[in-house]
Amino acid sequence: MSKIGKKPIRIPPGVEVTVRPGRVTVRGPQGTLECPYEPEFVAIEVADGEVRVERKAERAPFRARHGLYRALIANMVRGVTEKWQKELEIQGLGYRARAEGRALVMELGYSHPVRYEVPDGIEFSVPEPTRIVIRGIDNRLVGQVAADIRAFCPPEPYRGTGIRYRGEEIVRKAGKLGAKG
């Protein structure tokens, strides 16, 4: 039995979970999220303020989806009650970011500023020129936006410049150790 799959998901006050064949909908104070699921593999039940995910067989594809759908539903419940958040740090001389409406404009050492249009469902702020905070109710979308922004200038191991997740450790390399001559 999956350790994650067998744990029930507690539904906090103010959150409503609706299960239709092939679709789970979660409504809460922050918004509404929907997720498809495969009813031939798992059964999802809502009762007594909890959501339970039960698999229909003991074979590998059923076991794999058991924990997956339980985690996806738990992430949706958490997202509609408290928003997901990722923080990015910018390291480098002259590297900085600023907000311009729904766009994030970054100067990352290129000949031109990099402009990123933030998708709907995501809020972002730039409290400092070297820090970006991304918030939203959809965990997957928040992570994808953070990864997209980080991909403009990934952390570089020799000088340590680039965009990194807050608290991420970058292993520094020594570079050239000496010349023969």
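R23 is partly exposed, with a relative accessible area of 27% (buried means under 20% relative accessible area, exposed over 50%, and partly exposed in between, with a 1.4 Å probe and protein chains only). The model is predicted, so local features need pLDDT of at least 70 and side-chain atom pairs count only at pLDDT 80 or more, while totals for chains, interfaces and linings use all residues. Residues are numbered from 1 along each chain as its sequence is written, and side-chain values use heavy atoms, with hydrogens and water left out.

The side chain of R23 meets that of E34 in a salt bridge of 3.3 Å, N to O, where a salt bridge is a side-chain nitrogen of Lys or Arg within 4 Å of a carboxyl oxygen of Asp or Glu. R23 lies in strand β3 (residues 23-28) and E34 in strand β4 (residues 31-36), so the pair ties together parts that are 11 residues apart in sequence; helices (H or I, at least four residues) and strands (E, at least two) are DSSP runs numbered from the N terminus. E34 is also partly exposed, at a relative accessible area of 44%. A further salt bridge joins the side chains of R52 and E50 at 3.2 Å, N to O, and here R52 is partly exposed at 35%, as is E50 at 24%.

The side chains of R166 and E87 form a salt bridge of 2.7 Å, N to O. R166 lies in the segment after β13 (162-165) and E87 in strand β7 (residues 84-91), so this pair ties together parts that are 79 residues apart in sequence.

The side chain of E87 is joined to that of R131 by a polar contact of 3.4 Å, and to that of R166 by a polar contact of 2.7 Å. A polar contact is a pair of N or O atoms within 3.5 Å; within protein, one must be able to donate a hydrogen and the other to accept it, and residues adjacent in sequence count only if both atoms are side-chain atoms. With neighbours within four places in sequence left aside, E87 is in contact (heavy atoms within 4.5 Å) with R131, I132, V133, R164, Y165 and R166.

Over the whole structure, the search finds 18 salt bridges. R96, R98, E100, E107, R115 and E117 are linked in a network of such bridges.

## The interface between the domains

The domain assignment gives domain 1 (4-82) and domain 2 (84-165), with bounds that come from an automatic or database domain assignment. Their centres, taken over C-alpha atoms, are separated by 31 Å, and the contact takes 10 residues from domain 1 and 5 residues from domain 2. Between them the domains bury about 630 Å², 61% of it on carbon and sulfur atoms, where buried area is the accessible area (1.4 Å probe) that two parts lose on being put together, summed over both. L33, N75 and R78 supply 51% of the area that domain 1 buries against domain 2, more than any other three residues.

Across this interface the rule finds 0 salt bridges and 1 residue pair in polar contact, both residues being at pLDDT 80 or more. On the side of domain 1 that touches domain 2, the elements that give two or more residues are β4 and α1 (60-81). By class, that side has 3 nonpolar, 5 polar and 2 charged residues, with Ala, Val, Leu, Ile, Met, Phe, Trp, Tyr, Cys and Pro counted as nonpolar, Asp, Glu, Lys and Arg as charged, and the others, Gly among them, as polar.

## Two loop residues

Q30 has its place in the loop between β3 and β4, and is partly exposed at a relative accessible area of 37%. Not counting residues up to four places away in sequence, Q30 touches G79, V80, T81, E82, K83 and I137. Q30 and F41 are 11 residues apart in sequence and 30 Å apart in space, C-alpha to C-alpha.

P39 lies in the loop between β4 and β5 (42-47), and is partly exposed at 28%. P39 and V118 are 79 residues apart in sequence, and their C-alpha atoms are 34 Å apart in space.
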